[in-house]
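Here is a briefing on one protein model, grouped by topic. Please keep the structure open while reading.

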Amino acid sequence: MMLTDEQILQKLLEADQLPEKTVTIARFGIPILLRGLTGKQVFTLRERCTERADRRGVQTDRLDEEQFNVALIFAATVSPNWGDPRLLAKYQASSGEEVIKRILLAGELSALGDEVLDLSGFNTTLDEVKN
């Protein structure tokens with residue numbers, strides 16, 4: 001199916017509507033509504049969670065996977081509100097990200113992080129355009 005230039009433009013004008021998905025963590029049985037992140041958002045989070053070391057003039061980068069998953073989940077969660085004052089008080093946390101770290105198990109962090117990346121277009125295959 002060939003799209004007209006007008007149809008292509010219309011799709012691009014609607015591109016800011018990010019995909020959403022509700023997932024459930026079996027241990028809690030609660031719905032978590034996630035929204036995809038833009039490339040700029042993911043890049044900014046990845047930069048924030050990357051530790052840089054300079055050893056003898058050689059710079060090495062190491063992504064803190066746990067912190068990156070926590071940051072992805074926090075940024076992508078529409079509901080629940082991880083930063084609710086009652087959760088902050090209960091878990092003696094200073095931020096919603098800290099609440100996520102204290103509530104979720106390692107596998108749950110990883111699975112939710114993967115969901116966010118999928119919603120954000122990672123692991124997407126591109127169709128080849130046939131002439």
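Which backbone nitrogen does the side chain of E108 reach? The side chain of E108 reaches the backbone nitrogen of L105, at 2.8 Å. The model is a predicted one.

- E108 is part of helix α6.
- E108 has a relative accessible area of 13%, so it is buried. The cut-off for buried is under 20%.
- Besides the backbone nitrogen of L105, the side chain of E108 has a polar contact with the side chain of R27, at 2.8 Å.
- With neighbours within four places in sequence left aside, E108 is in contact with I25, R27 and I103.

**The sheet**

- The open sheet has three strands, in the order β1-β2-β5, and the pairing is antiparallel.
- β1 and β5 (77-79) are the edge strands, each pairing on one side only.
- On average, neighbouring strands of this sheet are turned by 40° against each other, direction ignored.
- How many bridges join β1 to β2? There are six, and the two strands run antiparallel.
- T24 has P31 in β2 as its bridge partner. E20 stands opposite R35, also in β2.
- The hairpin of β1 and β2 has four residues between the strands. In this hairpin, G29 takes a positive phi near 70°.

**I25 in strand β1**

- I25 lies in strand β1.
- Is I25 buried or exposed? Its relative accessibility is 7%, so I25 counts as buried.
- Not counting residues up to four places away in sequence, I25 touches I30, I32, L104, E108 and L112.
- I25 and V116 are 91 residues apart in sequence. Their C-alpha atoms are 14 Å apart in space.

**Helices against the sheet**

- α3 lies across β2 and β5. It runs at about 45° to β5.
- α6 packs on the sheet and touches β1 and β2. The direction of α6 makes about 170° with that of β1.

**α3 against α5**

- Two packed helices are described by the angle between their axes and the distance between the axes.
- The axes of α3 and α5 come within 9 Å. They cross at roughly 120°, and the crossing is right-handed.
- Which residues of α3 meet α5? They are E66, Q67, V70, A71, I73 and F74.
- On the α5 side, these residues meet G96, E97, I100 and K101.

**The largest nonpolar core**

- The largest nonpolar core has 25 residues. L34, L72, L104 and L112 touch the most other members.
- Elements giving two or more residues to this core are β1 (20-25), β2 (30-35), α2 (39-48), α3 (65-76), α5 (96-103) and α6 (106-119).
- Which element gives the most to this core? α3 does, with six residues.
- L72 touches L37, V42, L45, G113, V116 and L117, not counting residues up to four places away in sequence.

**V42 in helix α2**

- V42 is found in helix α2.
- V42 is buried, because its relative accessible area is 2%.
- Leaving aside neighbours within four places in sequence, V42 is in contact with L37, F68, L72, L117, S120 and F122.
- How many residues separate V42 and V116 in sequence? They are 74 residues apart in sequence, and 9.8 Å apart in space, C-alpha to C-alpha.

**D84 in a loop**

- Where does D84 lie? D84 lies in the loop between β5 and α4 (85-90).
- At a relative accessible area of 15%, D84 is buried.
- A polar atom of the D84 side chain lies 2.7 Å from the backbone nitrogen of R86.

Key: Residues are numbered from 1 along each chain as its sequence is written. This is a predicted model: local features need pLDDT of at least 70, side-chain atom pairs count only at pLDDT 80 or more; totals for chains, interfaces and linings use all residues. Side-chain values use heavy atoms; hydrogens and water are left out. A nonpolar core is a set of buried Ala, Val, Leu, Ile, Met, Phe, Trp, Tyr and Cys residues joined through side-chain atoms within 4.5 Å. Buried means under 20% relative accessible area, exposed over 50%, partly exposed in between (1.4 Å probe, protein chains only). Contact means heavy atoms within 4.5 Å. Two strands pair if DSSP finds at least two bridges between them. Axes are lines fitted to C-alpha atoms, for helices over the stretch in contact, and angles run from 0 to 180 degrees between N-to-C directions. A polar contact is a pair of N or O atoms within 3.5 Å; within protein, one must be able to donate a hydrogen and the other to accept it, and residues adjacent in sequence count only if both atoms are side-chain atoms. A crossing is left-handed if the near helix is turned anticlockwise from the far one by less than a right angle, and right-handed if clockwise.
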